[in-house]
Amino acid sequence: MDQYMLFKKRIYEIIEASKTKDPVSKSYDFLILTATIVGLIPLTLKTDNYYTRIIDLVTVSIFLVDYILRLYTSDYKMGIRSIYAYLAYAVMPIAIVDMLSVLPILAVIFPGSKTIALFRIFRIFQLFKVLRYSSAMVIIGSVMRKVWRPLFAVFTLASLYIFDCALIMFQLEPDIFTTFFDAIYWSGCTVLTVGYGDISPLTQVGRVITVVSAMVGMAVIALPSGIITAGYMDELKKSKKNPLIR
(Lines give C-alpha, C1' and ligand atoms only; values in the text may rest on other atoms or scores of the structure.)
Protein backbone atom coordinates (compact mmCIF):
# COMPACT_ATOMS: atom_id res chain seq x y z
CA MET A 1 0.00 0.00 0.00
CA ASP A 2 2.84 2.38 0.81
CA GLN A 3 4.40 1.76 -2.59
CA TYR A 4 1.03 2.40 -4.23
CA MET A 5 0.57 5.72 -2.41
CA LEU A 6 4.11 6.79 -3.27
CA PHE A 7 3.45 5.94 -6.91
CA LYS A 8 0.21 7.93 -6.86
CA LYS A 9 1.90 10.88 -5.17
CA ARG A 10 4.64 10.84 -7.79
CA ILE A 11 2.07 11.00 -10.57
CA TYR A 12 0.47 13.98 -8.83
CA GLU A 13 3.84 15.74 -8.60
CA ILE A 14 4.46 15.16 -12.31
CA ILE A 15 1.10 16.34 -13.68
CA GLU A 16 0.87 19.43 -11.46
CA ALA A 17 2.49 22.64 -12.71
CA SER A 18 6.17 22.35 -11.84
CA LYS A 19 7.34 24.63 -9.03
CA THR A 20 10.68 22.85 -8.58
CA LYS A 21 13.51 21.68 -10.80
CA ASP A 22 11.84 18.35 -11.41
CA PRO A 23 12.76 17.57 -15.07
CA VAL A 24 9.94 15.05 -15.52
CA SER A 25 7.30 17.50 -14.31
CA LYS A 26 8.71 20.28 -16.48
CA SER A 27 8.69 17.95 -19.50
CA TYR A 28 5.07 17.08 -18.81
CA ASP A 29 4.17 20.77 -18.58
CA PHE A 30 5.87 21.33 -21.94
CA LEU A 31 3.95 18.40 -23.45
CA ILE A 32 0.58 19.77 -22.34
CA LEU A 33 1.39 23.33 -23.48
CA THR A 34 2.56 22.06 -26.87
CA ALA A 35 -0.54 19.88 -27.28
CA THR A 36 -2.72 22.86 -26.37
CA ILE A 37 -1.18 25.08 -29.04
CA VAL A 38 -0.96 22.41 -31.74
CA GLY A 39 -4.49 21.20 -31.00
CA LEU A 40 -5.91 24.58 -32.03
CA ILE A 41 -4.41 24.42 -35.54
CA PRO A 42 -7.43 22.55 -37.05
CA LEU A 43 -9.71 25.39 -35.91
CA THR A 44 -7.79 27.78 -38.18
CA LEU A 45 -8.62 25.71 -41.27
CA LYS A 46 -11.97 25.56 -43.08
CA THR A 47 -11.73 21.90 -44.08
CA ASP A 48 -10.42 18.74 -42.46
CA ASN A 49 -7.73 16.57 -43.94
CA TYR A 50 -5.58 13.64 -42.93
CA TYR A 51 -3.16 15.79 -40.94
CA THR A 52 -5.82 17.68 -38.98
CA ARG A 53 -7.45 14.38 -38.01
CA ILE A 54 -4.10 13.08 -36.78
CA ILE A 55 -3.63 16.29 -34.76
CA ASP A 56 -7.10 15.88 -33.28
CA LEU A 57 -6.54 12.26 -32.36
CA VAL A 58 -3.11 12.78 -30.77
CA THR A 59 -3.83 15.99 -28.85
CA VAL A 60 -7.25 14.96 -27.56
CA SER A 61 -5.81 11.58 -26.49
CA ILE A 62 -3.15 13.44 -24.50
CA PHE A 63 -5.84 15.57 -22.85
CA LEU A 64 -7.90 12.47 -22.09
CA VAL A 65 -4.98 10.80 -20.32
CA ASP A 66 -4.23 14.07 -18.51
CA TYR A 67 -7.84 14.33 -17.29
CA ILE A 68 -7.86 10.72 -16.08
CA LEU A 69 -4.59 11.20 -14.20
CA ARG A 70 -5.80 14.42 -12.57
CA LEU A 71 -9.03 12.77 -11.52
CA TYR A 72 -7.07 9.77 -10.25
CA THR A 73 -4.83 11.96 -8.04
CA SER A 74 -7.51 14.47 -7.04
CA ASP A 75 -7.38 13.26 -3.42
CA TYR A 76 -3.88 14.79 -3.23
CA LYS A 77 -5.12 17.91 -4.99
CA MET A 78 -8.03 18.39 -2.59
CA GLY A 79 -6.12 17.19 0.50
CA ILE A 80 -8.88 14.71 1.37
CA ARG A 81 -8.44 10.93 1.43
CA SER A 82 -12.02 9.93 0.58
CA ILE A 83 -14.41 9.49 -2.32
CA TYR A 84 -15.63 13.05 -1.79
CA ALA A 85 -12.28 14.37 -3.00
CA TYR A 86 -12.96 13.01 -6.49
CA LEU A 87 -16.46 14.50 -6.56
CA ALA A 88 -15.25 17.86 -5.25
CA TYR A 89 -12.49 18.02 -7.83
CA ALA A 90 -14.80 17.03 -10.70
CA VAL A 91 -16.95 20.15 -10.19
CA MET A 92 -14.02 22.57 -9.93
CA PRO A 93 -13.88 25.09 -12.84
CA ILE A 94 -10.46 23.93 -14.02
CA ALA A 95 -11.59 20.27 -13.92
CA ILE A 96 -14.67 21.14 -15.97
CA VAL A 97 -12.40 22.86 -18.50
CA ASP A 98 -10.27 19.71 -18.66
CA MET A 99 -13.37 17.61 -19.26
CA LEU A 100 -14.70 19.92 -22.00
CA SER A 101 -11.34 19.88 -23.75
CA VAL A 102 -11.67 16.09 -24.02
CA LEU A 103 -15.12 16.11 -25.66
CA PRO A 104 -13.75 16.75 -29.21
CA ILE A 105 -12.61 13.12 -29.18
CA LEU A 106 -16.22 12.24 -30.01
CA ALA A 107 -15.85 14.06 -33.33
CA VAL A 108 -12.71 12.02 -33.99
CA ILE A 109 -14.36 8.69 -33.16
CA PHE A 110 -17.60 9.51 -35.04
CA PRO A 111 -16.46 11.76 -37.92
CA GLY A 112 -19.67 11.30 -39.94
CA SER A 113 -22.07 12.67 -37.34
CA LYS A 114 -22.88 16.36 -37.80
CA THR A 115 -24.28 16.65 -34.28
CA ILE A 116 -21.20 15.18 -32.63
CA ALA A 117 -19.01 17.30 -34.91
CA LEU A 118 -20.24 20.30 -32.95
CA PHE A 119 -18.12 19.06 -30.05
CA ARG A 120 -15.08 20.22 -32.04
CA ILE A 121 -15.94 23.73 -30.84
CA PHE A 122 -14.93 22.64 -27.33
CA ARG A 123 -11.31 22.69 -28.49
CA ILE A 124 -11.43 26.36 -27.56
CA PHE A 125 -11.49 25.31 -23.91
CA GLN A 126 -8.01 23.90 -24.40
CA LEU A 127 -6.69 27.46 -24.11
CA PHE A 128 -7.87 27.64 -20.51
CA LYS A 129 -5.60 24.71 -19.65
CA VAL A 130 -2.70 27.14 -19.98
CA LEU A 131 -3.94 29.03 -16.91
CA ARG A 132 -2.55 26.49 -14.43
CA TYR A 133 0.95 26.93 -15.86
CA SER A 134 1.10 30.73 -15.54
CA SER A 135 1.88 32.23 -12.13
CA ALA A 136 0.44 35.57 -13.30
CA MET A 137 -2.84 33.90 -14.26
CA VAL A 138 -2.95 32.13 -10.89
CA ILE A 139 -2.72 35.54 -9.21
CA ILE A 140 -5.43 36.94 -11.48
CA GLY A 141 -7.65 33.97 -10.63
CA SER A 142 -7.14 34.67 -6.93
CA VAL A 143 -7.96 38.34 -7.53
CA MET A 144 -11.17 37.51 -9.39
CA ARG A 145 -12.34 35.27 -6.54
CA LYS A 146 -11.89 38.17 -4.11
CA VAL A 147 -13.44 40.98 -6.16
CA TRP A 148 -16.29 39.15 -7.88
CA ARG A 149 -18.92 40.81 -5.68
CA PRO A 150 -18.09 44.44 -6.65
CA LEU A 151 -17.61 43.31 -10.26
CA PHE A 152 -21.03 41.69 -10.20
CA ALA A 153 -22.50 44.92 -8.80
CA VAL A 154 -20.93 46.90 -11.66
CA PHE A 155 -22.18 44.36 -14.20
CA THR A 156 -25.69 44.57 -12.76
CA LEU A 157 -25.61 48.39 -12.84
CA ALA A 158 -24.38 48.40 -16.44
CA SER A 159 -27.02 45.87 -17.51
CA LEU A 160 -29.81 47.91 -15.93
CA TYR A 161 -28.56 51.09 -17.60
CA ILE A 162 -28.33 49.39 -20.99
CA PHE A 163 -31.85 48.02 -20.61
CA ASP A 164 -33.31 51.37 -19.49
CA CYS A 165 -31.50 53.24 -22.26
CA ALA A 166 -32.82 50.75 -24.81
CA LEU A 167 -36.37 51.23 -23.53
CA ILE A 168 -36.12 55.01 -23.85
CA MET A 169 -34.56 54.94 -27.32
CA PHE A 170 -37.05 52.33 -28.54
CA GLN A 171 -39.83 54.78 -27.74
CA LEU A 172 -38.04 57.91 -29.02
CA GLU A 173 -36.67 56.37 -32.23
CA PRO A 174 -39.31 53.91 -33.50
CA ASP A 175 -38.18 54.36 -37.11
CA ILE A 176 -34.61 53.09 -36.65
CA PHE A 177 -35.32 50.12 -34.38
CA THR A 178 -37.21 47.24 -35.97
CA THR A 179 -37.29 45.21 -32.75
CA PHE A 180 -36.46 45.81 -29.11
CA PHE A 181 -33.42 43.58 -29.55
CA ASP A 182 -32.07 46.15 -32.02
CA ALA A 183 -32.42 48.77 -29.29
CA ILE A 184 -30.59 46.52 -26.83
CA TYR A 185 -27.83 46.00 -29.41
CA TRP A 186 -27.50 49.75 -29.99
CA SER A 187 -27.53 50.53 -26.27
CA GLY A 188 -24.92 47.88 -25.47
CA CYS A 189 -22.60 49.03 -28.26
CA THR A 190 -22.95 52.66 -27.20
CA VAL A 191 -22.44 52.13 -23.49
CA LEU A 192 -19.70 49.52 -23.66
CA THR A 193 -17.84 50.91 -26.69
CA VAL A 194 -18.13 54.00 -28.92
CA GLY A 195 -20.83 52.51 -31.14
CA TYR A 196 -20.51 50.93 -34.56
CA GLY A 197 -22.40 53.58 -36.52
CA ASP A 198 -24.74 51.11 -38.22
CA ILE A 199 -27.61 52.39 -36.06
CA SER A 200 -27.71 56.09 -35.19
CA PRO A 201 -30.47 58.28 -33.70
CA LEU A 202 -32.36 60.77 -35.85
CA THR A 203 -33.91 63.07 -33.23
CA GLN A 204 -32.05 65.65 -31.17
CA VAL A 205 -33.19 64.08 -27.91
CA GLY A 206 -31.95 60.69 -29.10
CA ARG A 207 -28.55 62.16 -29.96
CA VAL A 208 -28.27 63.76 -26.52
CA ILE A 209 -29.05 60.39 -24.91
CA THR A 210 -26.41 58.81 -27.13
CA VAL A 211 -23.76 61.28 -25.96
CA VAL A 212 -24.72 60.74 -22.31
CA SER A 213 -24.66 56.96 -22.78
CA ALA A 214 -21.19 57.13 -24.33
CA MET A 215 -19.95 59.17 -21.37
CA VAL A 216 -21.51 56.72 -18.92
CA GLY A 217 -19.79 53.95 -20.87
CA MET A 218 -16.38 55.37 -19.96
CA ALA A 219 -17.28 55.10 -16.28
CA VAL A 220 -18.66 51.58 -16.76
CA ILE A 221 -15.36 50.45 -18.30
CA ALA A 222 -13.22 52.32 -15.78
CA LEU A 223 -14.91 50.88 -12.67
CA PRO A 224 -14.07 47.19 -13.17
CA SER A 225 -10.60 48.12 -14.42
CA GLY A 226 -9.91 49.99 -11.17
CA ILE A 227 -11.34 47.19 -9.03
CA ILE A 228 -9.24 44.50 -10.74
CA THR A 229 -6.09 46.64 -10.72
CA ALA A 230 -6.42 47.37 -6.99
CA GLY A 231 -6.98 43.69 -6.22
CA TYR A 232 -4.05 42.67 -8.43
CA MET A 233 -1.68 45.08 -6.68
CA ASP A 234 -2.77 43.78 -3.26
CA GLU A 235 -2.15 40.19 -4.39
CA LEU A 236 1.29 41.11 -5.73
CA LYS A 237 2.22 42.68 -2.39
CA LYS A 238 1.15 39.52 -0.57
CA SER A 239 3.15 37.29 -2.94
CA LYS A 240 6.27 39.43 -2.40
CA LYS A 241 5.89 39.18 1.39
CA ASN A 242 5.35 35.44 1.20
CA PRO A 243 7.11 33.80 -1.80
CA LEU A 244 5.43 30.48 -1.01
CA ILE A 245 2.14 31.90 -2.34
CA ARG A 246 3.49 31.74 -5.89
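Among contacts in the protein chain (heavy atoms within 4.5 Å) between residues at least 6 apart in sequence, 59% link residues at least 24 apart. The model is predicted: local features need pLDDT of at least 70 and side-chain atom pairs count only at pLDDT 80 or more, whereas totals for chains, interfaces and linings use all residues. Residues are numbered from 1 along each chain as its sequence is written, and side-chain values use heavy atoms, with hydrogens and water left out.

The protein chain contains 11 helices and zero strands; helices (H or I, at least four residues) and strands (E, at least two) are DSSP runs, numbered from the N terminus. Its accessible surface, from the Shrake-Rupley method with a 1.4 Å probe and with only the protein chains shown counting as cover for residues, is about 15,500 Å², and 73% of that belongs to carbon and sulfur atoms. Of the 246 residues, 33% are buried. Buried means under 20% relative accessible area, exposed over 50%, and partly exposed in between (1.4 Å probe, protein chains only).

Two residues illustrate these classes.

| Residue | Relative accessible area |
|---|---|
| Asp66 | 0% |
| Ile124 | 45% |

Asp66 lies in helix α3 (residues 50-72) and is buried. Apart from neighbours within four places in sequence, Asp66 contacts Tyr28, Ile32 and Lys129.

Ile124 is partly exposed and sits in the loop between α8 (114-117) and α9 (135-172).
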